[in-house]
Amino acid sequence: MGGIDRLREEFERDCKGVSSLKQLEGLRIKYLGRKGLLTQRLRALSALPPAERPAAGKEINVLKRHIEAEIKRREADLSAAELKKKASTGFVDITVPGKYIPSGSQHPVNRVLEEIVEIFVFMGFTVEEGPEVELDYYNFEALNIPRDHPARDMQDTFYVRTDVEGHGDAGAESDVVLRTHTSPVQIRVMERQTPPLRFIAPGKVYRCDADVSHTPMFHQVEGLMVGEDITFSHLKSLLKLFIHSLFSPDTPVRFRPSYFPFTEPSAEIDIGCILCRGEGCRVCKGTGWLEVLGAGMVHPKVFECVGYDTERYTGFAFGMGVERLTMLKFGIDDIRLFYENDLRFLRQF
Ligand code: PHE
């Protein structure tokens, strides 16, 4: 049945000439339709002597499968091309799946910062703010930090040049700094308000420092409560309640004597290590405890600076690092991850 080869050639030629789905359907009918060329051949098999039938049938079927496959392939090509053409002429295919627009998420530090603010607002504290570029007076002087205090070391404090305009002495120490803590907000608020008062002051602070646990900028939340008969017991219970709200209610809390120039007595507050549950690990350096807050009773010298009657009023202040609390809450071991903007990190929150 040599005619098969000619039929194949004819199909290939026809196929090349097809340029639309409609023409392709015509081609399918011509070869595979009920009266199609191939169908006719298959029917004609019965006219052959029985001995020739298997070989002839096989030949036809091979061609048939080839034609079917070819038509399927062309159909895919043509429909893609036609869709593209329609799209470019303004056709909107509403069945095409929409584009995936990734939604952003809140930065972990902001998330914890908001949580901290919420806890204190719930306890009746207001929220105050102060400038990040601060006067030496508010950042140090009024907080009873004398000129020669180590916290003023050039290593820790970013001094702001204020002599750039003229021919001033470029080496002179400036009176303007990037605040190294949020404590100056205590002074600014007390200067304009009279007791009783209780507020927190969240915000950015700056220190000339960078390693796994320090970045040049980080966040603190300051707290201050002043009134008549405010005692250390109030401070203790308030901070305990705060820690139990931020972490879990069974978190161990301990107050340790410490020193800050603007509080007396002063304390540092530790919580039982979140990671090892107090057994001792790398994060708590084997002690089972983690320092999370600085606090104390406001030093009389600070009250004097803002003109408060030290016989009448007492108060407490506290401060905490938000990055540190965030690291503990989520088990993050390198503070720099917060500021590298690596989406693989940020997407987890
Ligand atoms: N300002 C202190 C610091 O940055 C923290 C602190 C605030 C301590 C208020 C006592 C009272 O380390």
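Which residue in E4 does Thr126 stand opposite? Thr126 stands opposite Phe199 in E4.

## Basis of the report

This is a predicted model, in which local features need pLDDT of at least 70 and side-chain atom pairs count only at pLDDT 80 or more, while totals for chains, interfaces and linings use all residues. Residues are numbered from 1 along each chain as its sequence is written, and side-chain values use heavy atoms, with hydrogens and water left out.

Helices (H or I, at least four residues) and strands (E, at least two) are DSSP runs, numbered from the N terminus.

## The sheet

Strands of a sheet pair through backbone hydrogen bonds, either parallel or antiparallel. Two strands count as paired if DSSP finds at least two bridges between them. The pairing of E1 with strand E4 (residues 197-206) is in the parallel sense and extends over 2 bridges.

Two packed helices are described by the angle between their axes and the distance between the axes. Axes are lines fitted to C-alpha atoms, for helices over the stretch in contact, and angles run from 0 to 180 degrees between N-to-C directions. Angles under 35 degrees count as roughly parallel, over 145 as roughly antiparallel, 65 to 115 as roughly perpendicular and the rest as oblique.

Helix H3 (residues 37-44) packs against helix H4 (residues 53-88) at an angle of about 160°, with the axes 10 Å apart. That makes H3 roughly antiparallel to H4. Leu38, Arg41 and Leu42 of H3 make the contact (heavy atoms within 4.5 Å) with Ile60, Asn61, Leu63, Lys64 and Ile67 of H4. Helix H1 (residues 3-17) also packs with H4, at an angle of about 5° and with the axes 11 Å apart. H1 and H4 are therefore roughly parallel to each other. On the H1 side, the residues of this contact include Leu7 and Phe11, and on the H4 side they include Leu63 and Ile67.

## The pair H5 and H8

The axes of H5 and helix H8 (residues 232-246) come within 10 Å and cross at roughly 135°. That makes H5 oblique to H8. Here Glu115, Ile116, Ile119 and Phe120 in H5 meet Leu238, Phe242, Ser245 and Leu246 in H8. The residues of this contact divide into 6 nonpolar, 1 polar and 1 charged; Ala, Val, Leu, Ile, Met, Phe, Trp, Tyr, Cys and Pro count as nonpolar, Asp, Glu, Lys and Arg as charged, and the others, Gly among them, as polar.

## Salt bridges and backbone details

The structure holds 16 salt bridges, each being a side-chain nitrogen of Lys or Arg within 4 Å of a carboxyl oxygen of Asp or Glu. One of them joins Arg28 and Glu25, whose closest N and O atoms are 3.1 Å apart. Arg28 and Glu25 are 3 residues apart in helix H2 (residues 21-32), which means that about one helical turn separates them.

A cis peptide bond, with omega about 0°, joins Pro195 and Pro196. Pro196 is placed in the loop between helix H7 (184-192) and E4. The peptide bond from Glu264 to Pro265 is also cis, with omega near -5°, and Pro265 lies in strand E7 (residues 263-272).
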